[in-house]
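Reader: I would like to go through this structure with you. For each label, I want the value, the cut-off and the conclusion.

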Amino acid sequence: MEGKYEEKTADTSSTNAALQLKWAFGFNKDILSGVHNLSDDSRSAIFYVSAHSGVIYDYVSRRQQLLQGHCNPITCCCVSEDKRWIATADAGADALIVIWDSVTGTPIKTIFNPHPNGILTMDITPDAMFLTTISAPSEDGRQEIALWEWTAEREGPLYTEIVGTPDVQTCVRFNPSDVREILSNGKGRVTFWNWEDKKFKYYSPPLSRREFPNAGNFTQSIFIPDSKQVISATDAGNVILWDCSLIGVSENTGRPSDRKAVKMLTIGKGSLNYLKALDEYLVCAGEDGAVRFYDYQFRIIAWFEDFDAGPVTSVSFANLPAPMPQEIDGFTVPDFVVGTSKALIVG
């Protein structure tokens with residue numbers, strides 16, 4: 001099922017008893033990165049979105065914690081690196097951002113009407129201090145980006161800016177090595193944002209279709225930690241590598257820190273829906289239903305192709321150290337879960 005749930009009366013002895021949600025069936029399978037592994041040394045749990053609610057499911061005790069409060073179906077979610085904080089957001093009238101304590105299921109902060117049309121995509125910094133959001137487009141297609149210091153008592157965002165491209169931005173990511181840098185992309189443009197000067201500055205380098213024919217439409221983008229490099233995935237199974245370039249600096253049309261597309265490689269069959277930098281590995285997954293691990297020279301290290309669960313939309317790793325390898329050069333990563341567009345979650 002997709003985002004279905006069942007409501008039962010809390011007290012059947014009274015005909016006036018309020019309906020209370022008891023259990024959520026299925027999840028919003030079309031949200032990219034909508035399934036998160038919350039497991040650590042104290043619990044075995046996952047988080048996912050089901051219609052208007054978030055669900056924390058302990059798959060050992062088989063119990064659900066239902067995170068309720070949104071008036072509209074949740075459109076995006078993110079989880080802090082330590083798995084302690086969950087942020088959910090929706091789009092539509094009376095839209096909300098809610099930050100939850102993943103241990104207790106308690107809402108810690110609610111941001112009312114963060115954007116006029118709600119939220120299309122968001123991300124949280126590794127230390128969970130900041131959120132960045134990109135709004136759902138208005139009737140004329142305009143979007144805005146905002147930065148939120150949600151741990152402060154401030155009501156509104158720290159900074160906002162209108163997205164300067166008509167290409168609807170569907171993905172936004174912080175740079176884990178420098179959270180003052182943010183990256184977003186739509187189908188046709190990648191935008192680099194910076195709030196170092198206490199306001200948003202941005203640039204959006206074009207992708208030459210002559211240099212990169214058949215690149216496809218962008219789906220996801222991420223920063224490579226501890227480097228200036230950025231990777232964008234496409235719906236044609238390609239990845240585009242962006243890196244700093246001195247081209248245009250002498251003509252004062254660029255800066256040494258500006259990035260341009262320098263390389264394209266085909267690493268998948270069909271759309272690549274998920275990218276993550278996990279320690280020394282680049283994790284890719286998508287339409288062909290496989291999860292692959294590469295080094296940052298794009299050499300394949302390991303792959304998992306036997307899920308038989310459909311196109312992958314989410315991959316999430318437990319907050320646990322990787323087990324010891326069985327051989328000297330053995331591959332090892334923490335346990336992970338996979339969400340697919342067939343509404344399956346696989347461990």
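Reader: How many disulfides does the structure hold?

Author: The structure holds 0 disulfides. The term needs a pair of cysteine sulfur atoms within 2.5 Å. This is a predicted model, where local features need pLDDT of at least 70, side-chain atom pairs count only at pLDDT 80 or more, and totals for chains, interfaces and linings use all residues. Residues are numbered from 1 along each chain as its sequence is written, and side-chain values use heavy atoms, with hydrogens and water left out.

Reader: What makes Cys76 and Cys171 buried or exposed?

Author: Relative accessible area decides: under 20% is buried, over 50% exposed, and in between partly exposed, with a 1.4 Å probe and protein chains only. Cys76 has 6%, so it counts as buried. Cys171 has 1%, so it is buried too.

Reader: Which residue stands opposite Cys171?

Author: Asn185 in E16 does. Strands (E, at least two residues) are DSSP runs, numbered from the N terminus. E15 and strand E16 (residues 181-185) pair in the antiparallel sense over 4 bridges. Two strands pair if DSSP finds at least two bridges between them, so 4 bridges meet the rule.

Reader: What is the order of the strands in this open sheet?

Author: The 4 strands run E15-E16-E17-E18, with antiparallel pairing. Strand E15 (171-174) and strand E18 (201-203) each have a single partner strand, so they stand at the edges. One side of each is left without a neighbour in the sheet. Neighbouring strands are turned by 20° against each other on average, direction ignored. The axes behind that angle are lines fitted to C-alpha atoms, and angles run from 0 to 180 degrees between N-to-C directions.

Reader: What makes Arg84 and Asp101 a salt bridge?

Author: The term asks for a side-chain nitrogen of Lys or Arg within 4 Å of a carboxyl oxygen of Asp or Glu. The closest N and O atoms of Arg84 and Asp101 are 2.7 Å apart, so the pair qualifies. This pair links distant parts of the chain, 17 residues apart. Arg84 is in the loop between strand E7 (74-79) and strand E8 (85-90), and Asp101 is in strand E9 (residues 96-101). Arg84 has 33% relative accessibility, so it counts as partly exposed. Asp101 has 6%, so it is buried.

Reader: How many salt bridges does a search of the whole structure find?

Author: The search finds 10. Among them, Lys29 and Asp30 meet at 3.1 Å, N to O. Lys29 counts as buried because its relative accessibility is 18%. Arg299 and Asp295 form another, at 2.7 Å. Asp178, Arg180 and Glu196 are linked in a network.

Reader: Where is Asp308, and what is its phi?

Author: Asp308 is in the loop between strand E26 (300-304) and strand E27 (312-317). Its phi is positive, about 50°. With a relative accessible area of 78%, Asp308 is exposed.
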